[in-house]
Amino acid sequence: MTLAKLVSEIKRKKSFLCVGLDVDLNKIPTHLLETEDPIFEFNKQIIDATHHVAVSYKPNTAFYEAYGIKGWQSLDKTIKYINTNYPEIFTIADAKRGDIGNTSTMYAKAFFEDLNFDSVTVAPYMGSDSVEPFLAFKDKFTIMLALTSNKGGLDFQGKELVDGQPLYKEVLKTALTWKNSENLLFVVGATKAEYFKGIREIAPNSFLLVPGVGAQGGSLEGVCEYGINKENIGLLINSSRGIIYASNRTDFAEAAKLEAEKLQNQMATILAKNNIS
Ligand SMILES: O=c1ccn([C@@H]2O[C@H](COP(=O)(O)O)[C@@H](O)[C@H]2O)c(=O)[nH]1
């Protein structure tokens, strides 16, 4: 996958929606628990019902790791299902990794080579040599936490450095100087809409993965006011619980489809307002 292909898919579908596949066995319809692989069965039906309005899927690996080997197998089946049936979809392993260099290389191999995701999320705390091993993979993307959606996100990310600028801005500026930074995207929470203007001053053309609409209450319109880039759009807006748990009954896939279509409609309106076609 290339970012140019992602942009052309966004324009074709008039959507920059990323559906989060955060599967909790306590929340899925009970009839699925009788199937051989309830997590995969749930994902398959969600994907089939929403792929026409989504350009990306983001399984958060915690929701698979929590179920041990079986969970990891469900993740493997899910990514294979997407890559085989919907190869135009941009896939994100939300794993928030990062470690000393040789360990980061192994994490990168796990997600880019073994599982064949297009991208993986990483934490910046360990610095350049913990992120650059991910960036070295051609046509694969590293999505680094910049300003996260949770309340505590500002505890450290918002701390002012000696020159008065907040840490997250320094993280953005510095990361953009790293080798292969053209393969770098950033996570910025939708709950932090008022920060997008400043972020776009530092990273005008970077793609931003934006979680926090739906269950966390972030505003799509608020994010797009300054977050949207007229050339490449530059946004992937994620909603997980708001879509996948729209119903916990047998109509769950249809309910997810309706929620995803609602968001896509709003996105199409925003694209049209910005004269992006
Ligand atoms: O700043 C961040 C970074 C990651 N996330 C993840 O995104 C989804 C959001 O799920 P919702 O159900 O739509 O709230 C989830 O996997 C988080 O771990 C985030 O929310 N904020």
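Visitor: Where is Leu25 found?

Guide: Helices (H or I, at least four residues) and strands (E, at least two) are DSSP runs, numbered from the N terminus. Leu25 is found in the loop between β1 (17-20) and α2 (38-50). This is a predicted model, in which local features need pLDDT of at least 70 and side-chain atom pairs count only at pLDDT 80 or more, while totals for chains, interfaces and linings use all residues. Residues are numbered from 1 along each chain as its sequence is written.

Visitor: What does Leu25 count as, buried or exposed or in between?

Guide: A residue is buried if 20 or more other C-beta atoms lie within 10 Å of its own, exposed if 12 or fewer, and partly exposed in between, with C-beta atoms placed from the backbone. Leu25 counts as partly exposed because it has 15 C-beta neighbours inside 10 Å.

Visitor: Which residues does Leu25 touch?

Guide: Two residues are in contact if their C-beta atoms, placed from the backbone, lie within 7 Å. Not counting residues up to four places away in sequence, Leu25 touches Leu33 and Pro38. By contrast, 47 Å separates the C-alpha atoms of Leu25 and Val162, which are 137 residues apart along the chain.

Visitor: How confident is the predictor in the chain?

Guide: Confidence in each residue is expressed as pLDDT, from 0 to 100. The chain averages a pLDDT of 98, and 100% of the residues score at least 70. For the complex, the predictor gives an ipTM of 0.99 and a pTM of 0.98.

Visitor: Which domain does UniProt place at residues 16-256?

Guide: UniProt positions are given in the numbering used here, with feature names shortened, and annotations may be inferred rather than shown by experiment. The unreviewed UniProt entry places "domain: Orotidine 5'-phosphate decarboxylase" at these residues, 16-256. The end C-alpha atoms of that span lie 16 Å apart, and the span is 39% helix and 17% strand.

Visitor: Which residue does the UniProt annotation "active site" cover?

Guide: In the unreviewed UniProt entry, that annotation covers Lys96. Lys96 is found in strand β3 (residues 90-97). It counts as partly exposed, because it has 17 C-beta neighbours inside 10 Å. Not counting residues up to four places away in sequence, Lys96 touches Thr121, Val122, Ala123 and Leu145.

Visitor: Which residues of the shell come nearest to the ligand?

Guide: A residue is near a molecule or strand if its C-beta atom, placed from the backbone, lies within 6 Å of it. Of the 19 residues around the ligand, the nearest are Asn60, Thr148, Pro211, Ser240 and Arg241.

Visitor: How many residues of each class does the shell have?

Guide: Ala, Val, Leu, Ile, Met, Phe, Trp, Tyr, Cys and Pro count as nonpolar, Asp, Glu, Lys and Arg as charged, and the others, Gly among them, as polar. The shell around the ligand has three nonpolar, 13 polar and three charged residues.

Visitor: With which residues is Gly189 in contact?

Guide: Leaving aside neighbours within four places in sequence, the contacts of Gly189 include Thr148 and Pro211, two residues already named among those that come nearest to the ligand. Gly189 lies in the loop between β6 and α9, and it counts as buried because it has 26 C-beta neighbours inside 10 Å.

Visitor: Where is the place of Leu209?

Guide: Leu209 is in strand β7 (residues 208-211). It is buried, with 26 other C-beta atoms within 10 Å. Apart from neighbours within four places in sequence, Leu209 is in contact with Cys18, Ile92, Ile143, Leu185, Val187, Leu236 and Asn238.

Visitor: Which residues of helix α8 are buried?

Guide: In α8 (residues 167-175), they are Tyr168, Lys169, Val171, Leu172 and Ala175. Seen down the axis of α8, these residues fall within an arc of 160 degrees, so they line one face of the helix; the arc is that of the directions from the helix axis to the C-beta atoms. What covers them includes β5 (141-147), α7 (153-157), β6 (184-188) and α9 (196-202).

Visitor: What is the phi of Asn116?

Guide: Most residues other than glycine have a negative phi. Asn116 has a positive phi of about 65 degrees although it is not a glycine. Asn116 lies in the loop between α5 (101-114) and β4 (119-122).
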